[in-house]
Amino acid sequence: MAVRVGVLGATGAVGQRLIQLLDPHPDFEIAALTASDSSAGKTYRQAAKWRVDSPIPADVADMTVTATDPDDVPGDVDLLFSSLPSSVGATVEPPFCEAGYVVSSNSSNSRMAEDVPLIIPEVNAEHLDLLEVQRDERGWDGALVKNPNCSTITFVPTLAALAEFGLERVHVATLQAVSGAGYDGVTSMEIIDNAIPYIGSEEDKLETESRKLLGEFDGASLSHDGVEVAASCNRIPTIDGHLENVWVETAEDLAPEDAAAAMREYPSLDLRSSPDPLIHVFDDPDRPQPRMDRTLGDGMAIAAGGLRESTFGLQYNCLAHNTIRGAAGASVLNGELLLENGYL
């Protein structure tokens, strides 16, 4: 029997991706859609300006959108996927958890809270048990799980694959697609024939979230990894797919061929949305490329290539689809992990 789920912030770009991924999902049944008060009471077709690259699901189009309030969501909904703006999520998500709902959230608020698991299932699934600490400390019947920033998700799986060599320092420069800013986030006059070498708060997210994801959970508390991470974030005129240039210094000597083997062999999970292989490694020096490689593994795979020695250790490029693997798909995968581990 499918788990009844809802989408908070269902009319936005990530909310629409969530609906696209959840509608055919065998384990989940969409039972609630929420949005702003101005959309409440409308059908989803009326409330959402559909922009996803597939038709709006017929069974969702005529559903009535409700306000984003625990009192307006059916009590038999077991799991909520949140794509709310962080300023809204910070206010709205805790009351849902207090009311007994489990929330798998893409919003950036609370990602670095000590009792909130920040999860990439293939990297740190064991951190999910931090929910026991969270429930004890906050007195919640529900729970709050976060997936990382879209640019963090792109390179952390490759770092996890190289952790056996002793990660010491990482430098990363991102080339991020415009969809990461939302539909109205970057105007055409800003980005056409241009690149913007600054994305507000993005660098801090890569530098801090990566260390939490690679950290150790001892059953009571989470310690962050000691790797030093420095990031530079840039917006470029691609639609989807974040490309990143990475330099990694390790305690042990790391040849490019050994790094490639470690990435290729890094395990996937037996979850529906976890691709196999998780990391697709190209031998071609000019891959991965956003237009060519962002949909590998139905948009859930990480692509890597250009592995070579440099003055600063190993150098390579990596890529992920930022609104699928980096956002909606990551939340769905976390939902699958919650289900697998008995939290629903």
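This is a predicted model: local features need pLDDT of at least 70, side-chain atom pairs count only at pLDDT 80 or more; totals for chains, interfaces and linings use all residues.

Residues are numbered from 1 along each chain as its sequence is written, and side-chain values use heavy atoms, with hydrogens and water left out.

Let me begin with the interior. A nonpolar core here is a set of buried Ala, Val, Leu, Ile, Met, Phe, Trp, Tyr and Cys residues joined through side-chain atoms within 4.5 Å. Buried means under 20% relative accessible area, exposed over 50%, and partly exposed in between, with a 1.4 Å probe and protein chains only. The largest such core has 41 residues, and Phe 155, Leu 162, Met 263, Ile 279 and Tyr 316 have the most contacts inside it. Helix H7, residues 150–162, gives the most to this core, with 7 residues. Helices (H or I, at least four residues) and strands (E, at least two) are DSSP runs, numbered from the N terminus. There is also a second, separate core of 38 residues, which includes Val 14, Val 60, Ala 61 and Ile 324.

What is Phe 155 in contact with, leaving aside its neighbours within four places in sequence? Taking contact as heavy atoms within 4.5 Å, its partners include Val 170, Val 172, Leu 206, Ser 210 and Cys 318.

I turn now to the helix pair. The axes of H7 and helix H9, residues 202–213, come within 9 Å and cross at roughly 45°. Axes are lines fitted to C-alpha atoms, for helices over the stretch in contact, and angles run from 0 to 180 degrees between N-to-C directions. On the H7 side, the contact is made by Cys 150, Ser 151, Thr 152, Phe 155 and Val 156. On the H9 side, the residues include Leu 206 and Ser 210.

Finally, the backbone. Which peptide bonds are cis? The bond from Asp 276 to Pro 277 is cis, with omega near 5°, and Pro 277 is found in the loop between helix H10 (256–265) and strand S12 (279–281). A cis peptide bond also joins Arg 287 and Pro 288, with omega about 5°; Pro 288 lies in the loop between S12 and helix H11 (290–293).

Asp 193 has a positive phi of about 60° although it is not a glycine, and at 77% relative accessibility it counts as exposed.
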